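Hi,

Here is the structure I promised to pass along. Have a look at it first, and then read on for what turned up in it.

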Amino acid sequence: MEKTIHQGRNVKRFREMLGIKQEALAADLGDDWNQRKISLLEQKEEIEESLLKQISDVLKVPVEAIKNFDEDAAISYINTFNDNSKGDFNYKCTFNPIDKWAEEIAENRKLYERLLQAEKEKMELLQKLLEKVK
């Protein structure tokens with residue numbers, strides 16, 4: 001059994017992917033279009049070639065994409081990227097995150113201590129300068 005492509009549904013999918021509302025598409029198609037007419041268009045299984053061309057120009061999507069987009073095929077293709085049956089992957093963490101966190105704390109503490117020592121040295125110098133001025 002040959003599967004038919006629902007062109008109206010494809011128009012809706014592309015419109016939604018592009019973040020375009022029905023009202024905006026209607027406005028771009030011309031004065032004789034409105035939201036209700038776009039809603040009815042998106043329910044049509046097949047759309048006239050000239051209208052399909054006009055819609056594709058507005059959406060900036062090739063006519064062939066609207067004519068041939070098959071959601072099931074796209075989902076199947078995308079799922080091939082998530083199929084773990086083709087290999088043995090180790091997604092487990094190879095380090096202890098708490099150890100890493102503790103290391104970062106120790107490094108930050110050392111930095112803080114160095115900054116504190118530098119501030120103490122500055123204060124001592126300022127006090128010596130003040131004493132000389134008096």
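K122 and E119 sit three residues apart in helix α7, about one turn of the helix. Their side chains meet in a salt bridge, at 3.3 Å from N to O. K122 is partly exposed at 47% relative accessible area, and E119 is partly exposed too, at 43%. Please keep in mind that this is a predicted model.

E113 has a relative accessible area of 43%, which makes it partly exposed, whereas R109 counts as exposed, at 57%.

You will find a further pair in helix α4, which covers residues 49-59: K53 and D57 lie there four residues apart, about one turn of the helix. The closest N and O atoms of their salt bridge are 2.8 Å apart. K53 is partly exposed at 43% relative accessible area, and D57 is partly exposed at 44%. How many salt bridges does the structure hold? There are six, including the ones described here.

D99, E103, E104 and E107 form a negative surface patch. E103 belongs to this helix, which runs over residues 97-133.

Q7 has a relative accessible area of 9%; anything under 20% is called buried, so Q7 qualifies. Which residues does Q7 touch, leaving out those up to four places away in sequence? They are K44, E45, E46, I47, L52, I66 and K67.

R15 lies in helix α1 as well. With a relative accessible area of 6%, R15 is buried. Setting aside neighbours within four places in sequence, R15 is in contact with I20, K21, Q22, L25, E42 and L59.

Happy to talk any of this through with you.

Best wishes

Technical notes
Residues numbered from 1 in each chain as written. Predicted model: local features only at pLDDT ≥ 70, side-chain atom pairs only at ≥ 80, totals over all residues. Heavy atoms only, no water. Patch = residues over 30% accessible without salt bridge, like charges linked within 9 Å, V, L, I, M, F, W, Y side chains within 5 Å. Areas by Shrake-Rupley, 256 points an atom, 1.4 Å probe, with all protein chains shown as cover. Salt bridge = Lys/Arg side-chain N within 4 Å of Asp/Glu carboxyl O. Lys, Arg positive; Asp, Glu negative; His and termini not counted. Charge placed at Lys NZ, Arg CZ, Asp CG, Glu CD. Helix = DSSP H or I, 4+ residues; strand = E, 2+ residues; numbered from the N terminus. Buried < 20%, exposed > 50% of the residue type's maximum accessible area, 1.4 Å probe, protein only. Contact = heavy atoms within 4.5 Å.
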